[in-house]
Amino acid sequence: MGTLIRLSVGVVTTGSVAAWAVLNDRIDVYRFGGGRIIQLLDPENAHKLAIFAAKQGFAPGQQHSYSEWGGLQTQVWGRHFANPIGLAAGFDKHAEAIDGCLAMGFGFVEVGSVTPEPQPGNPKPRVFRLIKDRAVINRYGFNSVGLEEFEKNLKARESQREIRPGVVGVNLGKNKTTPEADAGVDYSKGAVKLCEYADYIVVNVSSPNTPGLRNLQGKDPLRSLLGSVVSARDSALASRAHDARPPVLVKIAPDLDDHNLRDVAEVVMELGIDGIIVSNTTVGRPDNLLSSSDVVREAGGLSGPPLRELSTKILSETYRLTGGKVPLVGCGGVSTGEDAYMKIRAGASLVELYTALIYDGPRAVSRIKGELAEALQRDGFKSVEEAVGADHRK
């Protein structure tokens with residue numbers, strides 16, 4: 001038989017574009033400068049093609065010859081993670097391609113955000129590449145198929161859990177038309193409907209693209225909201241032991257000031273919330289961005305390397321405020337193993353990425369894991385867990 005060539009085009013990051021081709025599962029288009037060609041494609045349409053490719057099993061997976069260092073395995077919330085590198089929410093928005101994403105080598109995949117009722121999100125165009133900065137601005141606005149369709153997709157995958165093991169988180173949002181005062185109802189609906197299928201649940205109150213959403217990070221609204229979600233989960237899974245119920249996490253913005261961040265930490269500790277994802281995209285625009293000012297001025301959340309320093313600083317402060325007692329997930333600007341290692345040393349038990357796949361393709365996952373393993377061993381750590389929060393022990 002002739003050489004089998006498989007081509008898939010996709011997007012990875014809050015709506016941006018990535019595409020890859022695989023020759024005998026070993027050679028991808030990024031090694032030949034194909035990424036420049038792919039950047040001519042419309043980001044959102046490419047995203048749809050990427051989901052289709054992953055769903056059909058066409059997306060390139062981890063090389064069969066790849067051997068992962070055992071020290072990357074870790075335990076968080078009593079759950080086993082083959083490695084600490086996960087795919088952030090926003091790529092597989094509708095839980096359509098979980099197994100294809102896990103096949104890329106991720107230790108976990110977070111799907112969503114999902115809203116109770118279907119909604120189209122914000123008007124197009126709503127995704128913009130900052131190529132010179134290897135970054136993205138998006139203002140998707142929780143485009144979602146709604147809970148009914150989302151649940152069908154998760155339920156259809158249940159038979160595959162043994163075939164393709166991996167931790168799957170579900171990221172919850174609220175509908176744009178739902179008043180802030182009723183946000184708890186929306187998030188609780190999601191928790192009740194999907195907690196049976198989730199390895200963990202994320203309460204996303206930090207997207208900058210839904211009006212008023214970030215107000216829910218205030219101390220009193222957050223306390224009420226998270227309390228409602230925890231109660232909804234516990235009621236829905238009353239027959240399960242507490243440690244068998246999916247942990248509840250909250251995803252916060254990198255733009256919180258010191259006072260608001262302290263409030264978030266206090267609420268999390270008070271309610272016994274299981275974890276915090278730090279962070280979502282930023283509405284800020286660093287002065288050193290290189291891309292066209294026309295693109296930089298677009299409204300929406302900025303992701304990629306320009307977010308790395310800010311998100312890691314907030315992560316480190318969150319670890320300090322919680323005394324290292326709450327598992328943190330570091331997200332924002334991770335494109336190398338050293339970036340992931342920086343997050344772990346700052347206090348992250350797990351790390352998520354997304355935008356890096358646009359510019360480096362799915363093979364970035366194995367590369368980042370390999371670089372992380374080298375960094376850990378270089379500094380004498382035998383496991384990820386040993387390195388968590390190391391910068392706070394100096």
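I started with strand 6 (residues 85-87), which is joined to strand 7 by two bridges, the two running parallel. Strands here are DSSP runs (E, at least two residues) and helices are runs of H or I, at least four residues, numbered from the N terminus. Two strands pair if DSSP finds at least two bridges between them.

I noted that this is a predicted model: local features need pLDDT of at least 70, side-chain atom pairs count only at pLDDT 80 or more, and totals for chains, interfaces and linings use all residues. Residues are numbered from 1 along each chain as its sequence is written, and side-chain values use heavy atoms, with hydrogens and water left out.

**Strand 7**

I then checked burial (under 20% relative accessible area is buried, over 50% exposed, in between partly exposed; 1.4 Å probe, protein chains only). Seven of the seven residues of strand 7 (residues 108-114) are buried, so strand 7 is largely enclosed by the rest of the structure.

**Strand 12**

I found four bridges between strand 11 (residues 200-204) and strand 12, in the parallel sense. Val203 sits opposite Val250 of strand 12. Five of the five residues of strand 12 (residues 248-252) are buried, so strand 12 is largely enclosed by the rest of the structure. I checked both faces. Val248, Val250 and Ile252 are buried on one side, and Leu249 and Lys251 on the other.

**Helix 7 and its neighbours**

I took helix 6 (residues 219-236) against helix 7 (residues 258-271) next: the angle is about 30°, and the axes are 9 Å apart. Axes are lines fitted to C-alpha atoms, for helices over the stretch in contact, with angles from 0 to 180 degrees between N-to-C directions. Helix 6 and helix 7 are therefore roughly parallel to each other. The cut-offs are under 35 degrees for roughly parallel, over 145 for roughly antiparallel, 65 to 115 for roughly perpendicular, and oblique for the rest.

I then listed the contact (heavy atoms within 4.5 Å). Helix 6 gives Lys219, Leu222, Arg223, Leu226 and Gly227; helix 7 gives Asp263, Val264, Glu266, Val267, Glu270 and Leu271.

Last, I looked at helix 7 with helix 9 (residues 305-321). Their axes come within 10 Å and cross at roughly 45°. Helix 7 and helix 9 are therefore oblique to each other. Leu261, Arg262 and Ala265 of helix 7 meet Ile314, Glu317, Thr318 and Leu321 of helix 9.
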